[in-house]
Structures are given as structure tokens and as C-alpha cells.
Amino acid sequence: MVTPGKPIQCRAAVAWEVNKPFSLENVEVAVPKKGEVRIKMSSTGVCHSDLHDLEGINKNYPFPSIFGHEGAGVVESIGKGVTSVKPGDKVVLCFESFCGECENCRNTKTHLCKKTHSVMRTHFQEDGTSRISCKGQKLSQMNSISTFSEYTVTSELNVAKVNPAANPNILCLAGCCIPTGYGAVMNTAQVPPGATCAIWGLGGVGMCVVMGCRDSGASKIIGIDVNSRKFELAKEFGCTDVINPEEVNLQNKLAEMTNGGPDFCFVSVGLVPVMEEAFNSSHPQWGKTVIIGLTNVGETMKVGIWDLIYGRKLVGTHYGGYKTRIGIPKLVEKVLNGDLELEKLITHRLPLEKINEGFDMLISGETLRTIIDFDMKP
């Protein structure tokens, strides 16, 4: 089938309204405009961030929409002026762009592209329109990429070209899960050798935090989760200890295990009480708590001013602090070298037709990480 220069009819999972299941629809994906690329999707992840938006975490989210912010595929065609990729290139889609030219992209203090960051938050393309339509209606594109579609269009600034030896059918996790968790350790916390670390939540992101702590040379890596079935795998990834918080007084136990409290606490759970628990469990004089999980837009957490004055620190992390089109290809090399055990993170693979089942498993905690493989048959 010859597709460059022509609209493409394909299948996609459409979210017509808040808190409703995805509907498998036939959609039309437009020809990429100047500076844009069209991607044939190979895989996409089922992530809590999609679930949060589907459940209404952001009251201003523009429905109807095609969700999905964690994906990988192959460039099908390019628009005018595109120079960084060509048809046939394997790419990871990035929900944060990197132009390499603006003040922010040239600054080591942030990874948020000043040119397009605010545009990505609108869930449309740079010109304020969408490239995907269904039943005569334009659909918003989550973070301007929309990976829950067999084909999608986005800016070339939102795709990272990766090693052609990589397998795009499992590579989607390099678009969110891996950089978010691993980067929280490497870039945001900058954990030194010998440190003590505690991780709240042992889902896909939490396991990537564990691998980051392991690779940083942490002396004690404590995994915390209410689902004890995750503990064996957590130990394989690098946990030295595991705790079910329902079985102990967690703050006292951590203080006992780490001589007063962990040096670093990471929270991949989107619950404010858990975030506050982690902060209060960190070492009173130098503990650093890194917030990874999302809450409802506008929610706040309570921490003691005197705790901050005496030395506890609280920071957030977004995308692990990676400048995406530079950092993600390097992470893919770690996957190819076996340093980051990507396939161990994937507990379920489903065809697009079963995407709602994937989210049911996410809600129930049945899965560590589920991916949609676009080549799988229902």
C-alpha cells in the first residue's frame, strides 16, 4: 500500500468522554505538515498517566481524544523541512519535545523545551489543530502524540531516533516508564554510591527507580508495596529489602533499617498521604524525597516548615529530567546492552482490541506493565 502523501485510514482507541471505556474506531490520519512526521506505531504502554486523564485528573482535558503518551514505531512519511528522521527510521515518541535551540533546551537546568512545552499541554499540534479525525470530528492528541492509534502524526521534535537494532514492538517503555523512573535517580536525586534508598510503589516506574538505585551503587534499596507478589521481581531488579506497609509501622521500620531514615525516598504512587509519609520517613537532617506519581491537578501536600529548615528536602521530577531526543537514545543503548532489563518489566502483551482489558489489569494491580503490540492479532 502506497501511503506517503495520502491520508491513512486505520484503527484507534478513542476516548469519547471522561470515565468511559475506550472505543475501537476507524479514524483518518492526515498527511504530516511542515516539520511533522507520521509514524506507524509498533507498541504503546498502558500507563497510569493515561488512566488519570481518562478519569478526569485534568478538568480541562479536551475530549474526544486519542490517548497514549508512551510509544514506539517506524517513520512512515515526513513533512517538509524534516531533517532529523527519514522514512524507515525506528523512533520512540516523546511526550516532551526537544528543539535544541531555545533558551531552555540549551540550559542544563531544565529539560522542558520553551518553544513547544505549552503547546504539548493543549493536546494539539503546534498550529492548534489535530491530525486525527473520526466520524467527521477532530480528535485531540494526548501530549500531541496519541500513541493509541495504528498511525499518528506529531512534530519531529517529539520523536527520538534510536538504534535500528532495537525492537519497536517492546520499545514503547523507553518513551515514559524507563526515563521517568531511572532518571528520577540519575538526574533528579543524583544518588551517590553507598546511599540508602526507599521506593514507594513497585510498578513499572518504581522498578526503573530500583534499577537506577542499583546502578548508582546504593547500599540499601528498600522496595515498598502493598502487593507482596511484586517482591521477588523487585529483588531481581536490585532491591535489598522489601516491605509491605500494611504489615509494619513503616516509618519506624525504615528508621530502624537506615539509622534514622533513608537518604532518598522515591514515590511513584499518586496518593498525597503516601507522599507525605515518604517525606516524614526520610532522614531528618538530609533526607531527600522525590515525587514521581501524579495527583489531581491543583492538589497539594503538607510538609513541616521546620522539617525543611532542619534539612529534609522535597522535589518533584518530570520525565526523569531527560532532554528527550538526547537522553532516550542513550537509554535504548542500555536496553540493547542488557543493562536495563526492559522485557522483565512487561508482564502482559495485548492487541489493540483488548486495550480496555489492559486498563482493567492496571486498576486491579494484576500487571506490572502491559503493552499494546500493534502486530498482535485479537
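Visitor: Is D89 buried or exposed?

Guide: Start with the cut-offs: buried means under 20% relative accessible area, exposed over 50%, and partly exposed in between (1.4 Å probe, protein chains only). D89 is buried, because its relative accessible area is 7%. Keep in mind that this is a predicted model: local features need pLDDT of at least 70, side-chain atom pairs count only at pLDDT 80 or more, and totals for chains, interfaces and linings use all residues. Residues are numbered from 1 along each chain as its sequence is written, and side-chain values use heavy atoms, with hydrogens and water left out.

Visitor: Which side chain meets D89 in a salt bridge?

Guide: First the general idea. Side chains of opposite charge can pair when their charged atoms come close. A salt bridge is a side-chain nitrogen of Lys or Arg within 4 Å of a carboxyl oxygen of Asp or Glu. Here the partner of D89 is K161, at 3.7 Å from N to O. The two come from distant parts of the chain, 72 residues apart: K161 is in strand β11, and D89 is in the loop between β5 and β6. Helices (H or I, at least four residues) and strands (E, at least two) are DSSP runs, numbered from the N terminus. K161 counts as partly exposed, because its relative accessibility is 41%.

Visitor: How many salt bridges are there by this rule?

Guide: The count comes to 20. One of them joins D127 to K33, with the closest N and O atoms 3.1 Å apart. That pair also links distant parts of the chain, 94 residues apart. D127 is partly exposed at 41% relative accessibility, and K33 is partly exposed at 42%.

Visitor: Which parts does the salt bridge of D241 and K220 tie together?

Guide: Their side chains meet at 3.5 Å, N to O. D241 lies in strand β14 and K220 in strand β13, so the pair ties together parts 21 residues apart in sequence. Some salt bridges share partners: R214, D215, E236, E341 and K344 are joined into one network that way.

Visitor: At what angle do α3 and α9 pack?

Guide: Axes are lines fitted to C-alpha atoms, for helices over the stretch in contact, and angles run from 0 to 180 degrees between N-to-C directions. For α3 and α9 the angle is about 95 degrees, with the axes 11 Å apart. That makes α3 roughly perpendicular to α9 (under 35 degrees is roughly parallel, over 145 roughly antiparallel, 65 to 115 roughly perpendicular, the rest oblique).
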